[in-house]
Amino acid sequence: MKYGFIKVAAAVPAVRVADVEYNVQEIEKLIALADGEGVELLCFPELSLTGYTCQDLFKEKLLLDKAEDGLLRLLDFTRQLDIVCVVGLPVQAGGLLLNCAAVIQSGTLLGVVSKTYLPNYNEFYEKRWFASSQDLNDTNIYLAGTPVRLSAEPQLFQMGDVKFGVEICEDVWAPIPPSNNLTMAGADIVLNLSASDELIGKHNYLRSLVAQQSARTMSGYVYASSGFGESTQDVVYGGNAMIFENGRLLVEGERFSFQPQLKTAQIDVERLRTERHTNSTFINAQRHAHAAIVAAKVPLGKEFELTRDIDAHPFIPADEEMAETCEEILNIQTAGLAKRLLHTHMEHVVVGISGGLDSTLALLVCVRTFDKLGLDRKGIIGVTMPGFGTSDRTHDNAASLMQSLGISQMEISIAKAVNQHFEDIGHDASIHDATYENSQARERTQILMDLANKCNALVVGTGDLSELALGWATYNGDHMSMYGVNAGIPKTLIQYLVRYFASLNAFAAVSETLIDIVDTPISPELTPADQEGNILQKTEDLVGPYELHDFFLYYMLRFGFRPAKIFLMAQKAFGEAYDKETIKKWLTTFCRRFFSQQFKRSCLPDGPKVGSISLSPRGDWRMPSDACSALWLKECEEL
């Protein structure tokens, strides 16, 4: 395992019922293929050495002996390999015959796990041939020349820092699957050796079942099921191969394939553990869990290469989910603002409208909220406050938007007041430094706050999650409001929300304006434009691309990943869009600003949490303003 990733695989070999020699050959082919691809943990289907559908042939001593011989052959085949393989076979233990999974590595039989829940309905009559692990007393046997202890006690296999457990087919269908106890006892990954037949509607249920089990146990789940070659006397086996991570499908095989399959994926164990560490329910459930630990050696592996897909825009929903997700977000924002207005008995809000993305979304949320509450839109007081850097494009878009939406519209130039302020504090207006810029932001906030007092209104904040992470806000300027509706939404997502509004019939009158706002360069417009009125002060030129910063933000806060891992993932996610030096530069900037700007987040106004990440000091993110960034910046330097 490197960077927290472990490479796993679900294998569906070709099979001939009761032909152990053939089956072992096919299993060896997939083991060799998997080892060549750097797989560390490999799962085969249930009873893969004999075939699942042998029925009364499982009573034949010849078949049972040949299955043991097949296991011995696999032990010899893997003697020079570090890969951990889990194969299925029938095992005799005294007067019992057990449906088992054998865990092997480097010519060693690490352990044997017996199936717990045996189906005995419809076309499945496993109890006719097999006993359950619940029927076992602790028993010592020799299997493939190796002393093995068979027990009903759960077993965990530890490979370096990674723990995994095994359950077999019907086990996961039980009301309390063995994987519950295995994961509570510390298993990061569960392997399921299965033989599930195909029926109309069953696959979707199975897929959902395994996804839910992976999500409930916050685990990686590798599922390999019997496929082409099993007996079709009464049923057909589709060869399901699925790998999940905390309920998310990483990879899935082709059902009803006539060819052997090997589906690989990298499971992020570090990510799973972060989820568990922050989930008090999971922690409390671990209290009484236990399992015996079996040690495996750590595969040496080949040079690490990140092969799993990394979403470059983790905050952005998939196209097919876009409308539903946008509607959900807007409902959260609307409900939050509506409750605050009702609680404070106010029917007016004040919003600074710049013609930029953030203030546009805040205004649209206000309009939606007023409409839902049955309030007159004139109670929304939109204020545009042109200053030294305001461009005609943003000014005109702001004015057009307010007029078309039918709200109360005000325009108050800040130039005279800010120049007077410069004179009062002795600042040269030709020096475009932080004083020059922040004086404008604070003057605008003063206007909004005083108007709110005059009109008995709330100032609705416009700042977003990305700006809060970077500290890209003027302290006690645009940093402050009476309710921040955008505080939980990253910059990259705001563009999609505004586009969503533009697609709605109810906002058709402002659709063209909204699209132009989305296409306008992001800028605070605090320094003058050029002679043609074009925006010169572009935020992303100064602090870096927001798509990179939102990527850094998501993986640092959501999972606590260190800079080296985020750097690796960013290279994979963005491909050739940014070279290594560019990613390193802006990752360093993000880490430096994130730490140095915490003081602004320590006194944030109220605002609704929308997604899995929030920087509210009252809820999700509690960080001292004096925390040192040295460790993070040092790792960035060493990238």
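**Salt bridges in a predicted model**

The model is predicted, so local features need pLDDT of at least 70 and side-chain atom pairs pLDDT 80 or more, while totals for chains, interfaces and linings use all residues. Residues are numbered from 1 along each chain as its sequence is written, and side-chain values use heavy atoms, without hydrogens or water.

Asp371 has a partner, Arg377, and their side chains meet in a salt bridge with N to O at 2.7 Å. A salt bridge here is a side-chain nitrogen of Lys or Arg within 4 Å of a carboxyl oxygen of Asp or Glu. Arg377 is partly exposed as well, its relative accessible area being 23%.

How many salt bridges does a search of the whole structure find? The count is 33.

One of them joins Lys565 to Asp268, with the closest N and O atoms 2.6 Å apart. Lys565 sits in helix α17, residues 563-574, and Asp268 in strand β16, residues 261-268, so this pair ties together parts 297 residues apart in sequence. Helices (H or I, at least four residues) and strands (E, at least two) are DSSP runs, numbered from the N terminus. Are Lys565 and Asp268 buried or exposed? Both residues are buried.

Next, Glu638 pairs with Lys634 in a salt bridge, where the closest N and O atoms are 2.5 Å apart. Glu638 is exposed at 55% relative accessible area, whereas Lys634, at 48% relative accessibility, is partly exposed.

Last, a network of salt bridges links Glu245, Arg248, Arg271 and Arg308.

Notes
Buried < 20%, exposed > 50% of the residue type's maximum accessible area, 1.4 Å probe, protein only.
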